[in-house]
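Here is a short briefing on one protein chain. Look over the sequence and the structure first, then read the points by topic.

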Amino acid sequence: MFVGIPAMTSAAIVLFASLAIVFGSLASPAHASVEYAPVEMADYAMSVTVLQGDSLWSIASAAHPNGNIREVVREIVALNQLGTGVLQAGQRLYVPIRR
């Protein structure tokens, strides 16, 4: 009487595991067909060296004096994958070129 319940439970587990493997492999990034062209950073940004006392705000305003400084700061953070706004003298940053 109780032999059928463990057998049905085991069969359900095997079925769900198989489905997870099949659908997981279909959705994996390894099967993605998107291709990206390489980007030349020199076409989009220039490299600057952080000087003592520089901040993201001062670098952004020097690079784009008439631009939206907050937007330029966001671009600098994104281009350089900065986790914080703390800069070190001698650090190299990519700054977007004026458009």
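Strands here are DSSP runs of E of at least two residues, and helices are runs of H or I of at least four, both numbered from the N terminus. By that rule Met46 is found in strand 1, residues 45-49. The model is predicted.

**Overall layout**

- The protein chain holds four helices and two strands.
- Along the sequence, the order is α-α-β-α-α-β.
- The protein chain has 99 residues, and buried residues make up 18% of them.
- Its accessible surface comes to about 7,700 Å². Carbon and sulfur atoms account for 64% of that surface.
- Take the contacts between residues at least 6 apart in sequence: 63% of them join residues at least 24 apart.

- What does Met46 touch beyond its neighbours within four places in sequence? The contacts are Ala63, Leu93, Tyr94, Val95 and Ile97.
- Met46 and Val95 sit 49 residues apart in sequence, yet their C-alpha atoms are 5.4 Å apart.

**Nonpolar core**

- In soluble globular proteins, nonpolar side chains tend to be buried together.
- The largest nonpolar core here has 13 residues. Which of them touch the most other members? They are Leu56, Ile59, Ala60, Ile76, Leu87 and Leu93.
- Helix 3 (56-63), helix 4 and strand 2 (92-96) are the elements that each give two or more residues to this core.
- Ala60 is found in helix 3. With a relative accessible area of 0%, Ala60 is buried.
- Outside four places in sequence, Ala60 is in contact with Ile69, Val72, Val73 and Ile76.
- The C-alpha atoms of Ala60 and Val73 are 5.8 Å apart, for a sequence separation of 13 residues.
- Ile76 has its own list of contacts, again leaving out residues up to four places away. Among them are Leu56, Ile59 and Ala60, as well as Leu82, Leu93 and Tyr94.

- Side chains of opposite charge can pair when their charged atoms come close.
- How many salt bridges does the model have? The count comes to one.
- That salt bridge joins Arg74 and Glu71, with the closest N and O atoms 2.8 Å apart.
- Arg74 and Glu71 both lie in helix 4, residues 69-80. They are three residues apart, about one turn of the helix.
- Glu71 is partly exposed, at a relative accessible area of 35%.
- Glu75 also lies in helix 4. Is Glu75 buried or exposed? Glu75 counts as buried, because its relative accessibility is 14% and the limit for buried is under 20%.
- The side chains of Glu75 and Tyr44 are joined by a polar contact of 2.5 Å.

**Loop residues**

- Where is His64? His64 is in the loop between helix 3 and helix 4.
- His64 counts as buried, at 12% relative accessibility.
- The His64 side chain reaches the backbone oxygen of Pro96 at 2.8 Å.
- Apart from neighbours within four places in sequence, His64 is in contact with Ile69, Val72, Pro96, Ile97 and Arg98.
- Gln81 lies in the loop between helix 4 and strand 2.
- Most residues other than glycine have a negative phi. Phi of Gln81 is near 50°, a positive value.
- Gln81 counts as exposed because its relative accessibility is 75%, and the exposed class is over 50%.

**Surface patch**

- Which residues form a nonpolar patch on the surface? Leu15, Phe16 and Leu19 do, with about 310 Å² of accessible area together.
- Leu19 is found in helix 1, residues 4-26.
- Leu19 is partly exposed, with a relative accessible area of 38%. Patch members need over 30%, so Leu19 clears that cut-off.

Definitions and conventions:
Residues are numbered from 1 along each chain as its sequence is written. This is a predicted model: local features need pLDDT of at least 70, side-chain atom pairs count only at pLDDT 80 or more; totals for chains, interfaces and linings use all residues. Side-chain values use heavy atoms; hydrogens and water are left out. Patches are made of residues with over 30% relative accessible area and no salt bridge: like charges are joined within 9 Å, nonpolar side chains (Val, Leu, Ile, Met, Phe, Trp, Tyr) within 5 Å. Accessible areas come from the Shrake-Rupley method with a 1.4 Å probe; for residues, only the protein chains shown count as cover. A salt bridge is a side-chain nitrogen of Lys or Arg within 4 Å of a carboxyl oxygen of Asp or Glu. Buried means under 20% relative accessible area, exposed over 50%, partly exposed in between (1.4 Å probe, protein chains only). Contact means heavy atoms within 4.5 Å. A nonpolar core is a set of buried Ala, Val, Leu, Ile, Met, Phe, Trp, Tyr and Cys residues joined through side-chain atoms within 4.5 Å. A polar contact is a pair of N or O atoms within 3.5 Å; within protein, one must be able to donate a hydrogen and the other to accept it, and residues adjacent in sequence count only if both atoms are side-chain atoms.
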